[in-house]
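Opening the notebook on this one.

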Amino acid sequence: MRRPRRAGSLARQILLLQLVLVGLVVALALGLAAYDARRDVRTQATAETLVVAETVAGSPGVHTALRASAAQQAGDPCRGLQSYAEEVRSATDTDFVVIMRPDRTRCTHPDPTQIGKRFIGDLGTAPAGRPFSQEYAGTLGPSVRTVVPVVHDGNVAGFVAVGITLDRLQDELVHALAPLLLAGVGVLALGAVGAGLVSRRLRRQTHGMGAAEITRMYEYYEAVLHAVREGLLLLDTADRVQLANDEARRLLGLPPDVIGRPLRGLGLPPALVRAAAGDSAEADDIYVTDRHVLVVSSSPATWRGRTVGAVVTLRDRTELQEVAGELDLVRGLTDSLRAQNHEAANRLHAVVSLIEMGQPEEAVSFATEELQVAQLLADRLTAAVDEPLLAALLLGKTAEASERGVALSVEGRLSGSELPLEPRELLTVVGNLVDNALDAVVDQPASAVDRADGQPRRVRVTLDGSAGGLAITVDDSGPGVAPEDSAHVLERGWSTKAEAGRGVGLALVAQVVRRHDGHIGVEDSPLGGARFSVKIGVDA
C-alpha cells in the first residue's frame, strides 16, 4: 500500500503562491503596457500620416502638377511629383507617399513600377473632401494609411495617400516595450527575493511544518487544553500570559481577557507569581488563593537551548487539604488520648502502690484530686465553648501543649449555634492558630521567655463569639514576628517553603477570614511573642 505523499511545508506553499501571484501581476502589467503602447504607436502613426498627407495635399506644386496632368492625358501623368514625394517620404520617415489623380491612377510610388497603376485600398470619405484613415494591406504590405483629397476651386483634383507599414510600427513597439520588459523582470526578481525572505521567516516560525500538520496540532492542542484536569499556564519571557486553559482560569479566577496581560497584574498571590515567573524550576509547592489550595509546579520552557518562557501547572488540593485538616484533628485527639492514657496508667500505679503500702486514705485522696483536676478542665471548656467539636479540639490541644511543656489557657466564651463560621471552618481557624503558637514557643529556651505563673512557655486563646459575630485571639510567648515579616506572614499564597512563614496553616486561616469578609491581624503580644487576632462580623 502506497503511503500518502507528504505535502510541502506551509512556507514552501506560500512561497510558490507568492511567486505565481507576482508573476501574474507582472505579466498582466506588461500586457496592459504592451496594449497601451501598441494603441499609442498606431494613434501616433495615424496622426503623423494625416499631418504629412495634408501638408503634401496643400502644396502648390502638387496642385499645379495635378491640373497639368488632368489637362494632358498622354505622356508622363504627373511630371516632377515622384522626386518630390520621395523627398517628403525620406524627410518624414514614412514608408510611402502616393499622389494620385481622381481616377486613382498613381502619380508617385516608392516602387516606380507601380506608377500609372490604380491605387489599392479604400478612399473612404476622401472623395467627399474629408480625410480618411485605415489599416490596409497594399503593395508594401499591411500599413496604417491616411488619404487626404487635393481640393482646387472646390473640386477634388486628386488624392494624397501617406502610410507607415505595420512592420515598422512593430519595431517601434518592441523598442518602446524593452524598458518596460526590463522593469518587469526587475520587479519579478524583487518580488521573488521578497517572497523568499518572507518564506524563510515563516519557515522558522512554523518550524517547517505543513498546513495539515499545523491544523492537526491545533486541533489536538485545543482538545488537550479543554480535556486536561490540571490547570496550565504558559508565560513568555516578559511574564505575559500566552495560554491559560479552562481549569487554570477556574482555579485562579482569571478574567476573560487574560491572554497577553502581565502575570503580576492579575491579583494572584505574590509568592505564586514569584514562583511562576522565576528562572528556576519549582515542584509541588503549596499556595493558597482566596478559594483554593493549589499545588503548583513551574519550569522554564526552552526551545533549542533558548528560553522562551515558563510552564506552570496547577492542581486543586482544596478538598484534600480539608480532609487532611480533619485527619490532623483526629490524630491530635488520638495523641492526646494516648498521652492521657499514659498519665492515667502512671496515676493508677501510684494508687495501687499506696494501697499495697497500707495507705488507702492517701490513695483515695490522690485519685479524687487528679479526677477533679481533669474534670474541672473539661467542665470549664464545655461551659465556655458551646460548639462540641471546638471544645474537643481545645481539650486535645491542651493535653498536647502540656505534653510539650507549654501552658495553654482558654479564656472568654463562645456561645450560640449561629456563628458566622461553619464548624469545619472554625476548627481550621482555631486549630491552625494554636498550632502556629505552639510551634513558635516549643523550641524557645526557658531563659528567653517570661516565667509567668512558673511556666516558661505560654499560649493563651481568647474566644468571644455569638450569633453574627466572632473574635478569636491567640497570644504566645515565642520570639514574635519581625516587623519586616509581618506584611508577608499572612500574604495570600505564602508558601510552606517561605523563610519567614508559619506554614500553609496561616494562609488557610487568612483564606477563611477573607471568604467571610473578616479581618486578621498580627501584632506584638503582652506575653512577649506574637498575637494573631481574627474578627468576623464585628468591628476590626
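Is Asp 93 buried, partly exposed or exposed? I looked it up: Asp 93 is partly exposed, with a relative accessible area of 49%. My cut-offs are under 20% relative accessible area for buried, over 50% for exposed and partly exposed in between, using a 1.4 Å probe and protein chains only.

Housekeeping before I go on: this is a predicted model, local features need pLDDT of at least 70, side-chain atom pairs count only at pLDDT 80 or more, and totals for chains, interfaces and linings use all residues. Residues are numbered from 1 along each chain as its sequence is written, and side-chain values use heavy atoms, with hydrogens and water left out.

**Entry: loops around β1**

I placed Asp 93 in the loop between α3 and β1. Helices here are DSSP runs of H or I with at least four residues, strands are runs of E with at least two, and both are numbered from the N terminus. Phi of Asp 93 is near 60°, a positive value in a residue other than glycine. I found another positive phi, about 75°, at Arg 104, which is not a glycine either. Arg 104 sits in the loop between β1 and β2.

I also checked Glu 86, which belongs to helix α3 (residues 81–92). Glu 86 has 19% relative accessibility, so it counts as buried. Apart from neighbours within four places in sequence, Glu 86 is in contact (heavy atoms within 4.5 Å) with His 109 and Pro 110.

**Entry: the sheet with β1**

I traced an open sheet of 4 strands, ordered β1-β4-β3-β2, with antiparallel pairing. Two strands pair if DSSP finds at least two bridges between them. β1 and β2 (132–138) are at the edges with a single partner strand each, so one side of each has no neighbour in the sheet. Direction ignored, neighbouring strands are turned by 30° against each other on average.

How many residues of β1 (residues 96–100) are buried? I get 5 of the 5, so the strand is largely enclosed by the rest of the structure. Phe 96, Val 98 and Met 100 point one way, while Val 97 and Ile 99 point the other way. β1 is joined to β4 (residues 155–165) by 5 bridges, antiparallel, and Met 100 stands opposite Phe 159. Further along, 10 bridges join β3 (residues 141–152) to β4, also antiparallel. There I noted Val 144 opposite Ile 164.

**Entry: a buried Asp**

I looked at Asp 236 in the loop between β5 (231–235) and β6 (241–244). With 14% relative accessibility, Asp 236 counts as buried. Beyond neighbours within four places in sequence, Asp 236 is in contact with Gln 242, Val 308 and Gly 309. Asp 236 and Pro 300 are 64 residues apart in sequence, and I have them 9.8 Å apart in space, C-alpha to C-alpha.

**Entry: the sheet with β10**

Here I found an open sheet of 5 strands in the order β10-β11-β12-β14-β13, with mixed pairing. Its edge strands are β10 (407–414) and β13 (519–524), each pairing on one side only. β12 (residues 469–476) and β14 (residues 530–536) run antiparallel and are joined by 6 bridges. Asp 475 has Arg 531 in β14 as its bridge partner.

Which residues does Arg 460 touch, leaving aside neighbours within four places in sequence? I listed Ser 409, Glu 411, Thr 473, Val 474, Asp 475, Pro 526, Leu 527 and Arg 531. Arg 460 lies in strand β11 and counts as buried at 16% relative accessibility.

**Entry: α10 and α11**

The axes of α10 (residues 388–403) and α11 (residues 423–442) come within 10 Å and cross at roughly 15°. That makes α10 roughly parallel to α11; angles under 35 degrees count as roughly parallel, over 145 as roughly antiparallel, 65 to 115 as roughly perpendicular and the rest as oblique. Axes are lines fitted to C-alpha atoms, for helices over the stretch in contact, and angles run from 0 to 180 degrees between N-to-C directions. By class, I count 11 nonpolar, 1 polar and 3 charged residues in the contact of α10 with α11. Among them are Leu 393 and Lys 397 in α10, and Val 430 and Asp 435 in α11.

Technical notes. Ala, Val, Leu, Ile, Met, Phe, Trp, Tyr, Cys and Pro count as nonpolar, Asp, Glu, Lys and Arg as charged, and the others, Gly among them, as polar.
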